[in-house]
Amino acid sequence: MNVVNTALSLMAYDYPQEKMSVYVSDDGGSELTLFAFMEAATFAKIWLPFCREHNIMDRCPEVYFSSDPHGSDDELQIFEEIKAMYENMKIRVKKVVERGEVCPYYITNDVQRQAFNQYRTPGFTRANHPTIIQVLIESAKEKDKNGQSMPNLIYVSRQKNKNAPHNFKAGALNSLVIPKPWVCLAWSF
């Protein structure tokens, strides 16, 4: 959840959302990591406008929700509602991690089903799998709960093949240059 919190913090940064992209580079090719970021993409649709509307400075959800809430009764109620959504996301991710796989119960739509089916193909392992690129949020198409643009959120896991050496290739991915400001997070379970 630490890297998920980092991504959510970056996405909530006070910068034109349509000009920001967050790339998650998962060297382990883990369906657990992809699931965690799919959950984060859903939560971001609530979290990002909340941060803007309430001028939140601690944009890391874990840090923000561990602080003492203050404000009017309405603000406290909103705080508790969004905190409950965040805690629910953490519980869902924790259960999937404990299980070691994303079971059908947690797959809620065809896009997710198609993404996770890649992990079910014969011979798919952490050391032997095709490239996986999953656009979790596309700025040009998706909006937050208030209809505002969101930054791009893209999950990338490079191809690994036991017949071809792959050492040091993740560094090449992390040095990818694109014309917009971007952030690349490397992480695996």
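Ten salt bridges are counted in this predicted model. Among them are Glu87–Lys90, at 3.6 Å from N to O, and Asp110–Arg113, at 2.8 Å between the closest N and O atoms. The search for aromatic pairs over the whole structure gives 15. In the largest nonpolar core there are 45 residues, and Trp47 and Leu153 touch the most other members.

**Salt bridges within helices**

- The side chains of Glu87 and Lys90 meet in a salt bridge.
- Both residues belong to helix H4, and they sit three residues apart, so about one helical turn separates them.
- Glu87 has 28% relative accessibility, so this residue counts as partly exposed.
- Glu87 and Lys90 also join Glu62 in a network of salt bridges.
- Asp110 pairs with Arg113.
- These two are three residues apart in helix H5, so Asp110 and Arg113 are also separated by about one helical turn.
- Asp110 is exposed because its relative accessibility is 59%.
- Arg113 has a relative accessible area of 37%, so Arg113 is partly exposed.

**Glu138 and Lys141**

- Lys141 forms a salt bridge with Glu138, with the closest N and O atoms 3.8 Å apart.
- Lys141 is exposed, at a relative accessible area of 65%.
- Glu138 is partly exposed, at 31% relative accessibility.
- Side chains of opposite charge can pair when their charged atoms come close.

**Aromatic pairs**

- Trp47 and Phe65 are both buried.
- Ring pairs join Trp47 and Phe65 with Phe43, Phe50, Tyr64, Phe79 and Tyr86 in a cluster.

**Nonpolar core**

- Trp47 and Leu153 touch the most other members of the 45-residue core.
- Helices H1 (2-11), H2, H3, H4 (73-99) and H5 (110-117) each supply at least two residues of this core.
- H2 gives the most, with 14 residues.
- Leaving aside residues up to four places away in sequence, Leu153 touches Met11, Val22, Val24, Phe37, Ala41, Gln134, Val135, Leu136 and Ile137.
- In soluble globular proteins, nonpolar side chains tend to be buried together.

Terms used
Residues are numbered from 1 along each chain as its sequence is written. This is a predicted model: local features need pLDDT of at least 70, side-chain atom pairs count only at pLDDT 80 or more; totals for chains, interfaces and linings use all residues. Side-chain values use heavy atoms; hydrogens and water are left out. Rings of Phe, Tyr and Trp (its six-membered ring) pair if their centres lie within 6.5 Å; planes under 30 degrees apart count as stacked, over 60 as edge-to-face and the rest as tilted. Buried means under 20% relative accessible area, exposed over 50%, partly exposed in between (1.4 Å probe, protein chains only). A nonpolar core is a set of buried Ala, Val, Leu, Ile, Met, Phe, Trp, Tyr and Cys residues joined through side-chain atoms within 4.5 Å. Helices (H or I, at least four residues) and strands (E, at least two) are DSSP runs, numbered from the N terminus. Contact means heavy atoms within 4.5 Å. A salt bridge is a side-chain nitrogen of Lys or Arg within 4 Å of a carboxyl oxygen of Asp or Glu.
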